[in-house]
Amino acid sequence: MQTFDPQSPPESLYLALDIDQFPAQAISAYTPSLQNRPFVVVRQNTDSHKSGIWACSTRAKAIGLKQGMSVRVAQKRHPSLEVVPRDEALEKTVCQELSWIVCHYSPEYEVRERGDGLVNLSETPVQRHMTDGQIAEEMKREIHYKIGLEEVAIGVSQSRLLARLLAKTARPDGIQTCETEAEEIDLTEFSTRMMPDLSGQCREKLKKYGIKRIGQIQRLGKDALVARFGKEGEKL
């Protein structure tokens, strides 16, 4: 989108943050000895052979490790791999620092405990003087240099939902913006797996009914969704 004419009222605008492998990125940002090294984060005891990988560092992803993989299998493939426990206190600190950065762009924002966030840029001064892409680039630079997170995905749209979906498609370290006239088309093509804040039960029902795209949800309509999904039908 283009920058706005100061004389015309600005349109709604939302920016979503998505931090891939957030527990690992938080540890890496505050642990110099682990930076630029492959390591994985676990929620259980690091010595347990039953542990699964909760998050991977950037270098761990580069050697083919993935979230959910068995730690035992990963260490067999890479004997020197570091395994560290999740640090929830550190994650909260990073979330606070993210909040300090985004609050300078808008007083209306949310940063959640897993590092994802949504910023309402509607009618803010920055919206009048910068393009969507410029805002996203500047925020990415700040997060990188002030906190030390390596990968930050950002989505920008006039729709809250689409901004979040765009941020997910921009993983691990990209920026996706959407023109107004393209939003309806884009939404219909997104996978329902990417929709935020749905319960596991709701996701299982979506799978049961063979609903794979947001466009299928839109075609069902509100009454049919409520009948099939109850209270979560309203959210859908």
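Predicted model: local features only at pLDDT ≥ 70, side-chain atom pairs only at ≥ 80, totals over all residues.
Of the 236 residues in the protein, 47% are buried. The fold contains 12 helices and eight strands. Among contacts with a separation of 6 or more, 56% link residues 24 or more positions apart.

Five of the strands form an open sheet. Their order is β5-β6-β1-β7-β8, and the pairing is mixed. β5 (109–111) and β8 are the edge strands, each pairing on one side only. On average, neighbouring strands of this sheet are turned by 15° against each other, direction ignored. β5 and β6 run antiparallel and are joined by three bridges. Within this pair, Tyr109 stands opposite Val119 in β6. Helix α4 packs on the sheet and touches β1, β5 and β6. The direction of α4 makes about 160° with that of β5.

A further open sheet has three strands, in the order β3-β2-β4. Its pairing is also mixed. The edge strands here are β3 (55–56) and β4 (82–85), and each pairs on one side only. β2 and β3 pair in the antiparallel sense, over two bridges. Val40 stands opposite Cys56 in β3. Helix α1 lies across β2, β3 and β4. The helix runs at about 120° to β2.

Pro38 sits in the loop between α1 and β2 (39–42). Pro38 and Glu82 are 44 residues apart in sequence. In space, their C-alpha atoms are 6.8 Å apart. Not counting residues up to four places away in sequence, Pro38 touches Ser57, Arg59, Ala60, Ile63, Leu81 and Glu82.

In soluble globular proteins, nonpolar side chains tend to be buried together. The largest nonpolar core in this model has 27 residues. Leu15, Met139, Ile143 and Leu149 have the most contacts inside it. Two or more residues each come from β1, α1, α4 (88–102), α6 (132–146) and β7 (153–157). The largest share comes from α4, with five residues. In the 27-residue core, Ile143 touches Leu17, Leu98, Ile101, Gly148, Leu149 and Val152, not counting residues up to four places away in sequence.

The loop between β1 (14–18) and α1 (22–30) holds Asp20. Gln21 has its place in this loop too. Why does Asp20 count as buried? Its relative accessibility is 10%, and the cut-off for burial is under 20%. Gln21 is buried for a like reason, because its relative accessible area is 12%. The side chain of Asp20 makes a polar contact of 2.9 Å with the side chain of Lys61. Another polar contact, of 3.5 Å, joins the side chains of Asp20 and Gln21. Leaving aside neighbours within four places in sequence, Asp20 is in contact with Gln25, Lys61, Glu151, Arg171 and Pro172.

Two of these partners of Asp20, Arg171 and Pro172, are joined by a cis peptide bond. Omega of this bond is about 5°. Pro172 lies in the loop between α7 (160–169) and β8 (175–177).

Gln21 has a phi near 55°. Glu123, likewise not a glycine, has a positive phi of about 60°. Glu123 is found in the loop between β6 (117–120) and α5 (125–129). Is Glu123 buried or exposed? Glu123 is exposed, because its relative accessible area is 66%, and the cut-off for exposure is over 50%. Gln21, by contrast, is buried at 12%.

How values were computed. Residues numbered from 1 in each chain as written. Heavy atoms only, no water. Helix = DSSP H or I, 4+ residues; strand = E, 2+ residues; numbered from the N terminus. Buried < 20%, exposed > 50% of the residue type's maximum accessible area, 1.4 Å probe, protein only. Polar contact = N/O pair within 3.5 Å; in protein donor to acceptor, adjacent residues only side chain to side chain. Contact = heavy atoms within 4.5 Å. Core = buried A, V, L, I, M, F, W, Y, C linked by side-chain atoms within 4.5 Å. Pairing = 2+ DSSP bridges. Axes fitted to C-alpha atoms, helices over the stretch in contact; angles between N-to-C directions.
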